[in-house]
Amino acid sequence: MDYDYENRYVYFPKYSSEEIVRFAYPAKNIILQTVVKTGLYPSGIAVDSANDYIYWIEYDLAGLSRCNLDGSNVTVLSTLSSPWAIRLDLINRWMYIVERYSGILKSRFNSTEQQAIVNFTSQRVDCIDIDTEEQRLFWINYDGDMKSAKDDGSDITIIHSTHSEKAYHAIGVIRTYMYYANYNQLLMVDKAPGSTSNVLYTDTGHIDSIFVFIKSVQPTSPQISQQLQSISNNILVQSIPPECRTAAIRITGLFNHFDIKQIAFVKCKNNMQDMKIDFIHIR
């Protein structure tokens, strides 16, 4: 899941129906628009608003593709091994891809200068995020270890652990906090080692991806949005229906023939008890 700051659209992949869709946000009515039909099982997505591009991972075909924001000019950029998640550093123009069973790749947006910067030594990884201010990467492995490294792959540290083995698909980092999903719970933890997680929200189904963003100012470019400071944060939570909970552990977006039942906008102020949750149902 990612956001187009220039045109104000949320983009996300529909895993089973093999397409990228979007909806305007903020908006009074949520209307899904199909942007492009993809190959088999799109799992990760990233938006480059400045250059009008969408990048996505096709897990079954092990490919990285790109198209314009309107779905035109589809281009296959690279064939990989087991790609799952993707994030863009829009300031320094680097792309980071999680090869879920082997490591993290770093390349330019056109897939040149590709290099493996992190090797996974044991458990798989299904999520990644970037803190461009600190120039660090964050991810969670199947063991529940939350790790961080410099954006060149050095200085790998464990900053927190859930001590629970499962697939962690959702992570978002902003300022001093990490937000992540632990099955059906949305949690927040300080990036300082030894911090304790706090539950912000519990859903009836599996929370499969989140997008953390600043809301108080509407940015006009991705570069500006990376630098904004705000009193309140917003977390956009994509949720899978309860009947998909077991299977959804292995996917991002949608699974089989089930649609997203709801998207929740969770508004968390500095006081975590002051919280507003609005549900928007998508049918």
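Predicted model: local features only at pLDDT ≥ 70, side-chain atom pairs only at ≥ 80, totals over all residues.
This is a short talk about one protein structure, starting with the whole chain and moving on to its core, its surface and its charged pairs.

Okay, hi everyone. Residues are numbered from 1 along each chain as its sequence is written, and side-chain values use heavy atoms, with hydrogens and water left out.

So, the overall picture. The protein has two helices and 24 strands. Buried means under 20% relative accessible area, exposed means over 50%, and partly exposed is what sits in between, using a 1.4 Å probe and protein chains only.

Now contacts, meaning heavy atoms within 4.5 Å. Take the ones between residues at least 6 apart in sequence: 43% of these join residues at least 24 apart.

Next, the inside. Which residues have the most contacts inside the largest nonpolar core? They are Tyr-96, Val-98, Ile-104, Phe-120, Leu-137 and Trp-139, in a core of 17 residues. By nonpolar core I mean a set of buried Ala, Val, Leu, Ile, Met, Phe, Trp, Tyr and Cys residues joined through side-chain atoms within 4.5 Å. Strands S9 (83-89), S10 (94-99), S12 (115-119) and S14 (136-140) each give two or more residues to this core. S10 gives the most, with three. Not counting residues up to four places away in sequence, Ile-104 touches a whole list, including Tyr-96, Val-98, Phe-120, Leu-137 and Trp-139.

Let's move to a couple of loops. Thr-38 is in the loop between strand S4 (33-37) and strand S5 (42-48). Is Thr-38 buried or exposed? Buried, at 13% relative accessible area. Leaving aside neighbours within four places in sequence, Thr-38 is in contact with Glu-18, Glu-19, Ile-20, Trp-56 and Glu-58.

Compare that with Leu-61, in the loop between strand S6 (53-58) and strand S7 (63-68). Leu-61 is partly exposed, at 46%. Together with Leu-40 and Tyr-41, Leu-61 forms a nonpolar patch on the surface, with about 240 Å² of accessible area. Patches are built from residues with over 30% relative accessible area and no salt bridge, joining like charges within 9 Å and nonpolar side chains (Val, Leu, Ile, Met, Phe, Trp, Tyr) within 5 Å.

Which brings me to charge. Side chains of opposite charge can pair when their charged atoms come close. A salt bridge here is a side-chain nitrogen of Lys or Arg within 4 Å of a carboxyl oxygen of Asp or Glu. How many are there in the whole structure? Nine.

One of them joins Asp-131 and Lys-191, with the closest N and O atoms 2.4 Å apart. This pair links distant parts of the chain: Asp-131 is in strand S13 (residues 129-131), and Lys-191 is 60 residues away, in the loop between strand S19 (185-190) and strand S20 (198-202). Both residues are buried.

Another pairs Asp-155 with Arg-136, at 2.9 Å from N to O. Asp-155 is in the loop between strand S15 (145-150) and strand S16 (157-161), and Arg-136 is in strand S14, so the pair ties together parts 19 residues apart in sequence. Here Asp-155 is partly exposed at 42%, while Arg-136 is buried at 12%. There's also a network of salt bridges linking Arg-100, Arg-124 and Asp-126.

Last stop: cysteines. A disulfide would be a pair of cysteine sulfur atoms within 2.5 Å, and the search of the whole structure finds zero. Cys-67 is buried at 0% relative accessibility, and Cys-127 is buried too, at 2%.

That's me done, thanks!

Technical notes: Helix = DSSP H or I, 4+ residues; strand = E, 2+ residues; numbered from the N terminus. Areas by Shrake-Rupley, 256 points an atom, 1.4 Å probe, with all protein chains shown as cover.
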